[in-house]
Amino acid sequence: MSSVLPLEIPRRLSRTLAAQPDAAAATGAAWLEGLGGLLERSLARWELVPERVVSPGGRSSLVVLVHRADGEPAALKLLAPLDATPAERGARERAALAHWDGLGAVHVLEAEPEDGVLLLERLRGEMSLRSLPEAKAVLEAASTVRRLWVGPPAEAAAFETVTAHTSREAARMRACAPPQAQDLVEEALETREELLRGAEAPVLLHGDFRQGAVLASDSARARWLAAGPDPLVGEPAFDLARLARDRLHDLMATSGAAASTRRRVNRLADSLDIDRERLRGWTLYRAVESGVRQWAGNRADAELLLEFATWL
């Protein structure tokens with residue numbers, strides 16, 4: 001991939017980009033082709049010494065562990081073109097992390113948003129909340145996300161609202177829903193409309209908050225810090241809805257999975273003073289949206305998500 005770091009691109013990232021629709025897949029392929037050069041330029045820009053590529057890594061970026069000129073460890077993140085350009089994604093992520101300023105989230109050390117490149121403080125990427133027992137993980141997740149729900153910055157227009165974001169999703173859901181999921185899609189879309197009519201006061205949201213997005217930290221300010229935001233402005237229940245379906249495969253393996261799902265949603269809502277019905281509704285909507293989106297590329301997970309939605 002690069003003369004300074006001759007390692008293969010993680011398969012998880014390449015598979016995700018290849019699974020996009022034709023035009024987007026071509027854009028992703030072009031980005032991968034130029035990734036070696038982008039990495040070399042980024043290393044040179046900030047005088048970084050590469051250590052290794054994080055693997056399996058994430059589905060939407062390449063992360064390289066590096067050291068700065070003074071020896072300080074850091075993580076170099078190169079954002080892929082996924083649902084938006086690297087420049088758009090980089091600008092949003094940088095703005096959100098700067099607004100949180102380390103309160104519950106990773107610090108930005110340097111950024112080149114035009115290229116979708118961020119230099120971040122290094123967290124212990126091999127240890128996320130998913131490494132903890134379920135009850136402990138949920139407790140730590142609730143503590144972390146509570147810190148993130150602050151008033152949006154003055155330049156909040158830089159972030160998409162939940163209303164606008166889900167409007168685009170709704171259009172795709174109607175166009176792509178498989179016949180066997182039509183009734184569930186209609187229920188999810190009707191639920192979305194009801195929730196938007198009664199939306200609570202907006203805050204800055206992580207946007208993709210889940211146990212795997214909260215990593216162990218050696219920082220004195222917190223043991224666990226959130227990373228990888230896809231920031232939005234909206235009500236907290238929308239953020240919590242992604243967390244509600246964490247460890248879905250484990251949940252499926254239990255007896256009485258439907259009843260366990262409803263109890264989990266209620267406990268999560270109560271722990272953060274969120275209205276139970278609003279969390280249930282957004283959890284339903286987000287599970288169906290994810291299921292429809294994955295239908296063409298990952299049928300097994302899509303069916304799992306849609307079944308989960310029926311339990312709510």
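Helix α11 (residues 276-294) packs against helix α12 (residues 299-310) at an angle of about 160°, and their axes lie 8 Å apart. Angles over 145 degrees count as roughly antiparallel, so α11 is roughly antiparallel to α12. The crossing of α11 past α12 is left-handed. The model is predicted.

Which residues in α11 and α12 meet? From α11 come T283, L284, A287, V288, S290, G291 and Q294. They meet R299, D301, A302, L305, L306, F308 and A309 in α12. By class, this contact of α11 with α12 has 8 nonpolar, 4 polar and 2 charged residues.

Next, a pocket. The second largest pocket has a volume of about 210 Å³. Its lining is made up of E134, A135, V138, L251, S260, R263, R264, R267, L268 and S271. Which helix gives the largest share of this lining? That helix is α10, with 6 residues. Both α5 (134-148) and α10 (257-271) supply at least two residues each to the lining of the second largest pocket. The lining of this pocket divides into 4 nonpolar, 2 polar and 4 charged residues.

The table sets out the classes for the two sites.

Among the charged residues of the pocket lining are E134, R263, R264 and R267. In the helix contact, R299 and D301 of α12 are charged.

Technical notes:
Residues numbered from 1 in each chain as written. Predicted model: local features only at pLDDT ≥ 70, side-chain atom pairs only at ≥ 80, totals over all residues. Heavy atoms only, no water. 1 Å grid on protein atoms, 1.4 Å probe; cavity = no way out; pocket = protein on both sides within 12 Å on 5 of 7 lines; lining within 4 Å. Points joined across faces, edges and corners; volume = space filled by probe spheres on them. Helix = DSSP H or I, 4+ residues; strand = E, 2+ residues; numbered from the N terminus. Axes fitted to C-alpha atoms, helices over the stretch in contact; angles between N-to-C directions. Parallel < 35°, antiparallel > 145°, perpendicular 65-115°, else oblique. Left-handed = near helix turned anticlockwise from the far one by under 90°. Contact = heavy atoms within 4.5 Å.
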